[in-house]
Amino acid sequence: MNLSAPTMIVFVISVVLAILGLLAQYTTINLYLAPFYWMLIAWIVLAAGNLLKGL
């Protein structure tokens, strides 16, 4: 398995999703998903950026 660094846009998208998860956890903002799922989506996006070459 060859891992590659994610592109900057994939990294930024995953960070934004993680920040949304933190906002959902520690504020009263309703983001329609539980904070766990926001963080899970952020992790999946980052993992896909590492596993798929050119993403």
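**Contacts, burial and packing**

Modeller: The model is a predicted one. Let us begin with Ser-14: apart from neighbours up to four places away in sequence, this residue contacts Ala-42, Val-45 and Leu-46. Ser-14 itself lies in helix α1.

Colleague: Why is Ser-14 called buried?

Modeller: The relative accessibility of Ser-14 is 4%, and a residue counts as buried under 20%. Ser-14 is therefore classed as buried.

Colleague: What secondary structure does the protein chain contain?

Modeller: The chain has two helices and zero strands. Its C-alpha atoms occupy a box of roughly 40 × 20 × 15 Å along the principal axes. Of its 55 residues, 20% are buried. Among contacts with a separation of 6 or more, 64% join residues 24 or more positions apart.

Colleague: How do you know that the span of α2 is close to the expected one?

Modeller: Helix α2 covers residues 35–51, which is 17 residues. From its first C-alpha to its last it reaches 24 Å, and the expectation at 1.5 Å a residue is 24 Å. The span of α2 is thus close to the expected value.

Colleague: Why is α1 described as roughly antiparallel to α2?

Modeller: The axes of the two helices come within 8 Å and cross at roughly 170°. Angles over 145 degrees count as roughly antiparallel, so α1 is roughly antiparallel to α2.

Colleague: Which residues make that contact?

Modeller: On the α1 side they include Val-10, Phe-11, Ile-13, Ser-14 and Leu-17. On the α2 side they include Pro-35, Trp-38, Met-39, Ile-41 and Ala-42. By class, the contact has 15 nonpolar, four polar and no charged residues.

Colleague: Which residues of α2 are buried, and against what do they pack?

Modeller: Trp-38, Ala-42, Ala-47 and Gly-49 are the buried residues of α2. The buried residues of this helix pack against α1, residues 8–26.

Colleague: What makes the largest nonpolar core?

Modeller: Six residues form it: Leu-17, Ala-18, Ala-24, Leu-31, Trp-38 and Ala-42. To belong to such a core, residues must be buried and joined through side-chain atoms within 4.5 Å. Helices α1 and α2 each contribute at least two residues to this core, and the largest share, three residues, is from α1.

Colleague: Which residues does Ala-24 touch?

Modeller: Leaving out residues up to four places away in sequence, Ala-24 touches Ile-29, Leu-31, Pro-35 and Trp-38.

Colleague: Where is Tyr-32, and is this residue buried or exposed?

Modeller: Tyr-32 sits in the loop between α1 and α2. The relative accessible area of Tyr-32 is 75%, and exposed means over 50%. Tyr-32 is therefore exposed.

Colleague: What is noted about the phi of Tyr-32?

Modeller: Phi of Tyr-32 is near 70°, a positive value in a residue other than glycine. Most residues other than glycine have a negative phi.

Colleague: How do you know that Gly-49 is buried?

Modeller: Gly-49, which belongs to helix α2, has a relative accessible area of 0%. The limit for burial is under 20%, so Gly-49 is buried. The C-alpha atoms of Gly-49 and Ser-4 are 7.7 Å apart, although the two residues are 45 residues apart along the chain.

Colleague: Why does Ala-5 count as exposed?

Modeller: Ala-5 has 67% relative accessibility, and exposed means over 50%. Ala-5 therefore counts as exposed. This residue is placed in the segment before α1.

Colleague: Which residues does Ala-5 contact?

Modeller: Setting aside neighbours within four places in sequence, Ala-5 contacts Gly-49 and Asn-50. The C-alpha atoms of Ala-5 and Asn-50 are separated by 5.4 Å, and these residues are 45 residues apart along the chain.

Notes:
Residues numbered from 1 in each chain as written. Predicted model: local features only at pLDDT ≥ 70, side-chain atom pairs only at ≥ 80, totals over all residues. Heavy atoms only, no water. Helix = DSSP H or I, 4+ residues; strand = E, 2+ residues; numbered from the N terminus. Expected span 1.5 Å × (residues − 1). Buried < 20%, exposed > 50% of the residue type's maximum accessible area, 1.4 Å probe, protein only. Contact = heavy atoms within 4.5 Å. Axes fitted to C-alpha atoms, helices over the stretch in contact; angles between N-to-C directions. Parallel < 35°, antiparallel > 145°, perpendicular 65-115°, else oblique. Nonpolar A, V, L, I, M, F, W, Y, C, P; charged D, E, K, R; others polar.
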